[in-house]
Each structure stands twice: as structure tokens, then as C-alpha cells.
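User: I am new to this structure and would like a short walk through it. Could we begin with the terms we shall need?

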Amino acid sequence: MRETDELVDVDDPAWPELQGILRASSVPVHVLPGDIDEGRRTLLHMQVSARSVLGALALNTGGLLVDGGWVRVFGGGSGSVAEGRLLSLAQVNRFPTDFDPGWRPAAGLVVGHDVLGGVFALNGGDPAAAGCPGAPGQMT
């Protein structure tokens, strides 16, 4: 298991490259300000570093509103949902309050949704058992 600082303090974080991709997008992408503590907690639970796109989103954003909010990508959380903000990856996936290295989201990791009710998730270790198509780690 890697500690939070090891996941955050990386030599080549994905955030600068991701910022360039978001700025160059052909559709508008609004980057919500994030909650750094919730972002760090999310990295610890996922055991991904800021070197990955998923880690960069969790650590540096409260989420993304793509094309006027038609698609919402979860990040490190952006405050109160009542204020039109997004929940964090940790909140959406119901990560335990205290870190548990053996815990995994049963059906996969929900990373976003669209306004029509579509859910975007990364498959867990046994997608078939969760009723999901594809291989472990694929987006469904």
C-alpha cells in the first residue's frame, strides 16, 4: 500500500497535460474547483497517483462539466450538491470513511454520468459477476 504523499508528490503529474487537453477540447469543459482533502482521500482509497488521469482529476478538480453539464465527470468533489456541485469519486462510490486496503467497489468504479441517466464506470475485477460487459478495467 502506498501512502497519500507518495501518490500526490510525483515527478510527472498528469494534470498539466490534462489541462492542455481540456483547453483544446472542441466542446466546452468547465473545471470545478476541488476539495484538496477529499482529493487526497480519494487517491489513497483508489491507490492511484497524480501521475494518472484519474488521479489528476481527483486531486486537482471538483469534477468536470462537459458540454454545459450534459456529461459530468467526478473528481475530488466540489462542495455542496445543493449548490449545484458534484460529489467526489469517493462519495459516489461510497468509499469507507477510514481507509481499508481490502475494500473495492463491488460493481466497478463510477467515474461519471450524463443527463439522460447513463453511468460511466471502470469495470472491477469480475465484471460478469457484477452484470457488466467487458474486461476488468474497461469503461462500461
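Analyst: Helices and strands here are DSSP runs, helices of at least four residues and strands of at least two, numbered from the N terminus. Please note that the model is predicted.

User: Thanks. How many helices and strands does the protein have?

Analyst: The protein has five helices and five strands. Read from the N terminus, the order of the elements is α-α-β-α-α-β-β-α-β-β.

User: Where is Leu 116 in that layout?

Analyst: Leu 116 sits in the loop that joins β4 (109–114) to β5 (119–122).

User: Is Leu 116 buried or exposed, and why?

Analyst: Leu 116 counts as exposed because its relative accessible area is 75%, and the cut-off for exposed is over 50%.

User: Which residues form a nonpolar patch on the surface?

Analyst: Trp 70, Val 115 and Leu 116 form one, and together they have about 370 Å² of accessible area. For the protein, the accessible surface comes to about 7700 Å², and 55% of that belongs to carbon and sulfur atoms.

User: Let us go inside. Which residues touch the most other members of the largest nonpolar core?

Analyst: They are Leu 43, Met 46, Leu 54, Leu 89 and Leu 109, in a core of 18 residues. At least two residues of this core come from each of α1 (4–8), α3 (36–46), α4 (53–60), α5 and β4. The element that gives the most is α4, with three residues. There is also a second, separate core of eight residues, with Trp 15, Leu 22, Ala 56 and Leu 57 among them. As a general point, nonpolar side chains in soluble globular proteins tend to be buried together.

User: What is Leu 89 in contact with, leaving aside neighbours within four places in sequence?

Analyst: On that basis, Leu 89 is in contact with Thr 42, Met 46, Leu 54, Ala 58, Phe 74, Gly 75, Phe 95, Val 110 and Val 111.

User: And Leu 87, where does that one lie?

Analyst: Leu 87 belongs to the loop between β3 (71–74) and α5 (89–92). Its relative accessibility is 33%, so Leu 87 counts as partly exposed. Leu 87 and Gly 76 are 11 residues apart in sequence, and their C-alpha atoms are 7.7 Å apart in space.

User: Changing topic: what about Ser 49, buried or exposed?

Analyst: Ser 49 is buried, because its relative accessible area is 9%, and buried means under 20%. Ser 49 lies in the loop between α3 and α4. Not counting residues up to four places away in sequence, Ser 49 touches Arg 2, Leu 7, Val 10, Gly 55 and Ala 56.

User: In which helix is Thr 4 found, and what does it contact?

Analyst: Thr 4 is found in helix α1. Its relative accessibility is 16%, so Thr 4 counts as buried. Beyond its neighbours within four places in sequence, Thr 4 is in contact with Arg 40 and Leu 44.

User: How many of the residues count as buried?

Analyst: Of the 140 residues, 36% count as buried. As for contacts with a separation of 6 or more, residues 24 or more positions apart account for 50% of them.

Methods
Residues numbered from 1 in each chain as written. Predicted model: local features only at pLDDT ≥ 70, side-chain atom pairs only at ≥ 80, totals over all residues. Heavy atoms only, no water. Patch = residues over 30% accessible without salt bridge, like charges linked within 9 Å, V, L, I, M, F, W, Y side chains within 5 Å. Areas by Shrake-Rupley, 256 points an atom, 1.4 Å probe, with all protein chains shown as cover. Salt bridge = Lys/Arg side-chain N within 4 Å of Asp/Glu carboxyl O. Buried < 20%, exposed > 50% of the residue type's maximum accessible area, 1.4 Å probe, protein only. Core = buried A, V, L, I, M, F, W, Y, C linked by side-chain atoms within 4.5 Å. Contact = heavy atoms within 4.5 Å.
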